[in-house]
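Hi,

Here is the model I promised to pass along. Have a look at it first, and then read on for what turned up.

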Amino acid sequence: MKNYINWALRLIPAIILLQTLFFKFTAHPDSVAIFSKLHAEPFGRIFSGILELFTAVLILNPKTTFWGAILGFFTMLGAIASHLFILGIDTNDDGGKLFYLALTVLVFCVILLFKFKKK
């Protein structure tokens, strides 16, 4: 049972991170609009996509989960700060979906940090 919980704790944030890559790497209009508002289009969009891909891979590998959780924690702090101070919680009429997904990944990363902390 413990193994299933550990996998779920890693899979949920990784899936959330990976599902956004399509939008970032294909220059979806919503993604372009978000990063344009942040004055980070296209480099910020592409960089954040690469960072989130790297984070998801690290989280999924049990030997690097801790480091992926650290990277994910700080990446999501940046995303949440962008929503709170620049974009707003409801971005492009998404009802806050992107904000709440970032918050979910942040919470899972905190759990992973405690669960897989280096001794």
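A helix here is a DSSP run of H or I with at least four residues, and a strand is a run of E with at least two. Keep in mind that this is a predicted model.

On that basis, residues 7-23 come out as 94% helix and 0% strand, with 25 Å between the end C-alpha atoms. Residues 98-116 are 95% helix and 0% strand, and their end C-alpha atoms sit 26 Å apart. Both spans come from UniProt: an unreviewed entry there gives 7-23, 43-60, 67-86 and 98-116 as "transmembrane region".

Now the charged side chains. How many salt bridges does the structure hold? Two.

One pairs Lys 24 with Glu 52, and the closest N and O atoms are 2.7 Å apart. Lys 24 belongs to helix H2 (residues 21-25) and Glu 52 to helix H4 (residues 43-60), so this contact ties together parts 28 residues apart in sequence. Are the two partners buried or exposed? Lys 24 has 9% relative accessibility, so it counts as buried, and Glu 52 is buried as well, at 7%. The cut-off for buried is under 20% relative accessible area.

The other salt bridge joins the side chains of Glu 41 and Arg 45, at 2.9 Å from N to O. Here Glu 41 is partly exposed, with 27% relative accessibility, whereas Arg 45 is buried at 6%.

Cheers

Terms used:
Residues numbered from 1 in each chain as written. Predicted model: local features only at pLDDT ≥ 70, side-chain atom pairs only at ≥ 80, totals over all residues. Heavy atoms only, no water. UniProt positions renumbered as here; feature names shortened; annotations may be inferred. Salt bridge = Lys/Arg side-chain N within 4 Å of Asp/Glu carboxyl O. Buried < 20%, exposed > 50% of the residue type's maximum accessible area, 1.4 Å probe, protein only.
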